[in-house]
Amino acid sequence: MKNNIKIIIASIFLVGLSSCAKWTEIKPEGFLLEDEAVKSGEDVKRIVNSTYDALANRLNGNAQIFNELLGDELADYNINGDRREMYTRGVIAFNGTSNDNFRGIYRCIFRANTCLEYIQKFNDITPTEKSTLEGEIKFIRALSHFEIAKLYAHPMGTSSLVDANKEQSGIPLRTKVSIEPVIRSTITQTYNNIAEDLISAIELLPAVHPLNTARKVYADKNAAKALLAKVYFQSNQYQKSILVLDDLLSDASLKLSDSLNHFDSKSFNSEYLFQFVSTGTGDNRGAAFTGNYRTDNVAVPNLQISALAYNFMKQDTADKRLNLIKVINKGKPDEVYGSAKFNFDFIDVPYLLLTDMYLMRAEALAITNQNLTTAAADLNKIINRAYVDASTKVMTGSELADVIKFRVRNERRREFLLEGDRIQTFKRIGANGEIQTPNTIRNATFNCNGLIFAYPQTEVTIGFSQNPLQTCN
Amino acid sequence: MKRRLLLMLVSFCLSVQVFAQSIKGRVEDEKKVPIVGATVIIEGTKKGAFTDDKGVFEIKDVKVGKYKLKISSLGSNTAYRDVEVTGTGAFLNVQLKEDQKKLDEVVVVGYGVQRKREVSGAVSQISGKNLNDMPVPSFESALQGKLAGVNVTTGSGLAGSGAVVRIRGIASIGAGGDPLYVVDGIPITQDYFLNGNSGGMNNNPLSSINPNDIESVEVLKDAGASAIYGSRGANGVILITTKRGKKGSKKGPTINFTASFGTSQPTALPNMLNTQQYLQLRQEAWENDGGTGRVWLPGYSSAQSSAAAREAAYIAASKNNTDWVKLTTRLGTKQSYDLSLSDVYKKISYYAGLSYSNNESYLVGNSFSRLSGRLNLDFKIHKNIKVSTNSSLSQGNNYRVNSAWSGGLGAAMSEALPIYPVRFGGANGDSTYFRNGANPLIVQEQKLWRVGETRAINNVAIDYNPIKNLYIRAQGGYDYMQLLDDQYDGPKLLNIADSVGGNAQRNGTYTNNLNYFLTGTYNYKLNENSKLGLMVGNEFQKSTATVRFQRTEKVTAPFYEQFPDSLYQNQVAPGSAWAFLSYFGRLNYSYKDKYFAQLIMRADWSSRFGENYRVAFLPAISASWVVSEEDFLRKNKTISYLKFRASAGRSGNSNINGNARFLTFRTDGLYNQMPITYPTQAPNPNLRWETSFIWDAGVELGLFNDRIFGTLDYFDRRVSDAIIENLAISPSSGMDQYTANVGKITNRGLEFGIKTRNMVGKFRWSTDFNITKIWNSIDDIGAYSQDAVSGGTNDTRPIIGQPIGTNYLVRFSHIDSQTGLPVYLDVNGNPTSKWDINDRQAVGKVLPDASGGMTNTFSYKGFDLSILFNFVLGGNIYESSAKRQLGVVTNWNMRTDLFDRWQKPGDNAAYARLTLNEANYGSNTVWINTTQFLHDATFARLRNITLGYNLQQKTLKKLKHVRSVRLAVIATNVLTFTQYPGLDPEIARDFENATDRNMSPNITYLTPPQERTYSFQINVGF
């Protein structure tokens, strides 16, 4: 009897023990674990591809619109919620939209840094491929840090109105995978780090990326140069920018597009140096642009051009770029202005444009008052394309540097309407110590804290300096 | 003449004496205490009486003769007495013995049952009958107010919405705070976030359970009871036992049919402005801000419009006056039919049920229908072997609508302005949808949305009794849940040509939940007084939820009507998978059937635990003493029952994201038409269950033969390793989320329940009352700031020393009577005109101080009346959407409360000077949370009132084969007593994740109010 009991009880345990603890080793559903996801160099390539993917989802117009909201070229129409905070220069630490963007851009950096740990691990890819991958990762990381710096730190320059010693707070730099908090580097450290990544990328990247056909989908040597030039330019390091641009623009294969619309890619645009690509209506990487600005399928677009911007453009009726503005309800009390740049079902988003390169070199040369002939020649390329009677508009090279500078900035504003450039130009020039006319944009001086976003509250750990709130409307 | 009269009177008196005697008597218990309300019936007749408060009864008009009396009373054994009625009547004394069965009734305790007397943990029980007394969106809502320690916040008025159930408060921040639901031994799939938060609603995994199938619900509340569920028991366990076959009073199967019909309407409606009011207030704001001419109007003009354009817009807008609330709500109808059969036939007993219900809510287009069937079989295949099966299959179809933040009534309460028309243009002015502003009617009319849930909960069990006192049970269970969320956006919604067709998508979640357990129980009699019981067992459970997203375009019907020929997207999305392997045991010792002790141990291995913490070992001990069984109390006339019990032990909560411990990658999506792989989160090898050390002391007391019966418990729960989910490791880390065990929480409380039989006899009145008081505080959240927990939306935060779900807001002081502008308080309490997030303070809490309910039940002859009040004392409601409805004038419609606004110096107004510019309120944003909209959450509600009538036996006899007929009218949420100025003080809104669900109930953001229902029910038994 007792034996029976023992046997039965023991058998219960035996049945139990036969189901060993390994039964609870269960793989997550819908996810891969590291040993499944990263088995080869090909998998590393996929992770690199994902960094482009993640960036494309941020720079699909959203990040550009944030910059426009801070500026003065959007009408105060239909700007609500989180965007309103941007428009009123009062982005607080809980602004979900800006925080999503912050997180999203750092997500690219996280992915890039993850790749760095894997690149040397696999031998199914050649050393050249490894170099290319590393170059791309550094390019992506630099681009991401740069986009954060533009929105979350005051510009670098010699103006005492920010910090003449360039020691003001920059951004948290992430160069390796870590869950630990990182405090903000100084603005000099920030831009130096970005530049270092790009200098390294220029070394590592091939002249022609093997996956690029007509479109500049993946970073190549020219893309890294173009970004480095832009980074130097934006951080008021004009001499360095000119050197990089001279090198880049000596490439005879680069050719401006005939179209005045930077978004008119039709799958190929000769002047794109780096772009985010869309492959169909279901894969529109310019969705925030088309969704907010498009004027061909709505009565009024979601976001409209301000009267101020329209009047500026209208000052020169010979400017063919006026055709890219659609006047809605013309002459009526409810006349409003929209853009015709984005009237496509899906668009590629140009990130580095040859137009920008020429305008950067022209301005940099004018600012540093050197080689004005080249400056004028660069500027004329843009003028010749943009005006009905361009011959009356072109520069000779004998003008004063300030005249060229004024003109190049005028053209920059006309070229990049709604593309997120204006506020950054304003901040850059201000940080360079120049007095601008007017010296405010919608009542904000270039160094107003309202022109930079508050960091997400969860980023603010001990020792982390939050951007102070200051409205400037 | 006088003599004749006298003779007649004498003979009449004599005849009365012969033909109209009475039986008098007294009924008492063993302690000679009178038993009040005992029933005394003459067998074979309908004559009878009840005892009065002295235990005395009298049955009048009894002829002389011999009779048999049946004397019965609740809690006592029924007695029979022969009595002879003579010409002087009859008198007898009856002593009833205490009914030991009450103490020997069984309670389900997890992996077995125990007699009530030997339960040493805190367990509450409610019968299925008491759960079916009112229409509710889901069965758990019917627990509200009925059980001490069980707090239920009914989901919103959306059809099929789920309640938030908290057993003895809440002691989790980032791990699920819901109890474990176990249906017939299967811990069922109960993930509220399987389908995310869409349309302002979470999926309710309990809605497919048919309340009519439930025999009883037991709630395990303390460690002494819940520890048997180890790392999953700490939030309490709700054990649901479904009905089984029973032998009826008549030959043949017992058949029950219930049908009910009813209506649904909101408990409150928002008081939004009409066009004239909106224009007036907006104009005032514009002029306050220095504007001249007409104010610009959203959808018509902009701030930059010329004066002429604004004037034209104003004239055009004032022609419309759309009542969006009216257009998005209705009087909903409800119907349900339930048929069940039950019988024992030779060695087989069965219960079979078939049920259909269709419940419309008051929101246009919203309904939940459920068709369910159940078959529970027991088959005694051998004298000591029994095989049992439980099978249920249900199909729930929830026709969804947008609500709250996503539209529908939510839009009617916010962005849908009265100046917007629904349609305009054409000959009748209705050819085109208005699209220049929010128009919820477009979605309401052009979107088809159905969430279909197919649910099958089945198990098979073998009970084997090989030798005396040894019981072995093996059970295998399978819980399958398929959720198909199908949405179809028609061409008019997409604003494209009808000929193109619309877009359809399906988000399918397929959950397979398998478990088995094997238990052996042996009862051993050590000696005359001592008994030992040992149960050991092993259980394994594995659940996988696969999610597949499918999408197509240019089609004319949703997936549920026509599966498309081709798909634009067809991909696997993140799901969940988890498993538990457990060993457990329960050792019971009893001495003289009045001293009881119990030891519970359970070890759980789980896939959810990080590699450094693979197994949770959680023991608990408990003891109880039935004092009333002691000699010194046996004869006490007042105390009829007294029991002390206490327990202490560890219980766990492992309701955590099963994926959180891994470094995970995903491969969905393409870039440049090439595949991508990307990491999603950092691993946490130290992730583990939350450990609760819980102790409980309770007393159960019955007085006056249990006419008054109460329970009182004190409980104390200390949680360590509390989970914080979505921990914002710096967002710059680039990882989306991280989950870690970092917190400590204390949750203590008192719960009290009492049942009194106030009146007995023909007219009966009983009262059930319960109240639970909770003290709750967060003791530690590691090195993280309160803002590191991003899950608590609408500014609830974990603050050290404050309860879970603390409102962390800038303090609003008053409206300056001179300027009309709001005055806030800074961090030091000084008045300021600036709203600054750094001035936030812990100012409120979403948890109530106390909650409970009271049910009064009356019956007289065939009538019964039941009235349930539930109440919440203390705590706060944060009316999050009020900051837009009563704040800066924007593109939101506003409420008539604004009539009490500041208009001129000297005004003492509730609301500030109207403005279109948030800067005037000291902020850069209109999204400012302040205490201006933090309200006292106290309320009492007439939750349910049911008036029923049971057909009397004499009537039933005329109806052949009919055993019983009951008619009832039921009204729910009839009256609410509250100071809360918003819609409805009972708020369980849609949640983003577990943290949000724990921290942010009682935060309302355009949340649809509860529904008020009126129903008629008929129940026929055969």
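Asn495(B) is partly exposed, because 13 other C-beta atoms lie within 10 Å of its own; a residue counts as buried with 20 or more such atoms within 10 Å, as exposed with 12 or fewer, and as partly exposed in between, with C-beta atoms placed from the backbone. Asn495(B) sits in the loop between helix 10 (491-494) and strand 28 (502-525) of chain B. Helices (H or I, at least four residues) and strands (E, at least two) are DSSP runs, numbered from the N terminus. Although Asn495(B) is not a glycine, its phi is positive, about 60°.

This is a predicted model, in which local features need pLDDT of at least 70 and side-chain atom pairs count only at pLDDT 80 or more, while totals for chains, interfaces and linings use all residues. Residues are numbered from 1 along each chain as its sequence is written, and chains are lettered from A and ligands numbered from 1 in the order in which they are written.

Lys861(B), also not a glycine, has a positive phi near 50°. Lys861(B) belongs to the loop between strand 47 (850-860) and strand 48 (863-873) of chain B. It counts as exposed, because it has 10 C-beta neighbours inside 10 Å. In chain A, the peptide bond between Thr437(A) and Pro438(A) is cis, with omega about -10°. Pro438(A) lies in the segment after helix 16 (422-431) of chain A. Most residues other than glycine have a negative phi, and most peptide bonds are trans.

Chain B is divided into domain 1 (17-98), domain 2 (106-264 + 330-805 + 846-880 + 938-1021) and domain 3 (275-320); the bounds come from an automatic or database domain assignment. The C-alpha centres of domain 2 and domain 3 of chain B are 50 Å apart. Their contact takes 7 residues from domain 2 of chain B and 7 residues from domain 3 of chain B, where two residues are in contact if their C-beta atoms, placed from the backbone, lie within 7 Å. On the side of domain 2 of chain B that touches domain 3 of chain B there are 5 nonpolar, 2 polar and no charged residues. In this count Ala, Val, Leu, Ile, Met, Phe, Trp, Tyr, Cys and Pro are nonpolar, Asp, Glu, Lys and Arg are charged, and the others, Gly among them, are polar.

An open sheet of 4 strands in chain B has the order 3-2-5-6 and antiparallel pairing; two strands pair if DSSP finds at least two bridges between them. Strand 3 (48-50) and strand 6 (79-85) of chain B are at the edges with a single partner strand each, so one side of each has no neighbour in the sheet. Strand 2 (residues 39-42) and strand 5 (residues 65-72) of chain B are joined by 4 bridges, and Ile41(B) has Lys70(B) in strand 5 as its bridge partner.

Elsewhere in chain B, strand 22 (residues 367-382) and strand 23 (residues 385-399) pair antiparallel over 15 bridges. These two strands form a hairpin with 2 residues between them, and Asn376(B) stands opposite Asn390(B). Strand 23 of chain B also pairs with strand 26 (residues 447-464) of chain B, again antiparallel and over 15 bridges. Here Ser392(B) has Ile457(B) as its bridge partner.

Chain A has domain 1 (37-282 + 347-459) and domain 2 (287-339). Their C-alpha centres lie 25 Å apart, and the contact takes 21 residues from domain 1 of chain A and 22 residues from domain 2 of chain A.

The largest nonpolar core has 302 residues, and those with the most contacts inside it include Phe139(A), Leu198(A) and Leu228(A). Such a core is a set of buried Ala, Val, Leu, Ile, Met, Phe, Trp, Tyr and Cys residues joined through C-beta atoms within 7 Å. Helix 7 (residues 127-152) of chain A gives the most to this core, with 11 residues. A second, separate core of 15 residues includes Val27(B), Ile59(B), Val62(B) and Leu96(B).

How many residues does each chain give to the contact between chain A and chain B? Chain B gives 79 residues and chain A gives 70 residues. Strand 30 (residues 569-591) gives the most to the chain B side, with 11 residues. That side has 45 nonpolar, 31 polar and 3 charged residues. Strand 1 (residues 32-33) of chain A and strand 34 (residues 664-666) of chain B run antiparallel and are joined by 2 bridges, with Leu33(A) opposite Thr664(B).
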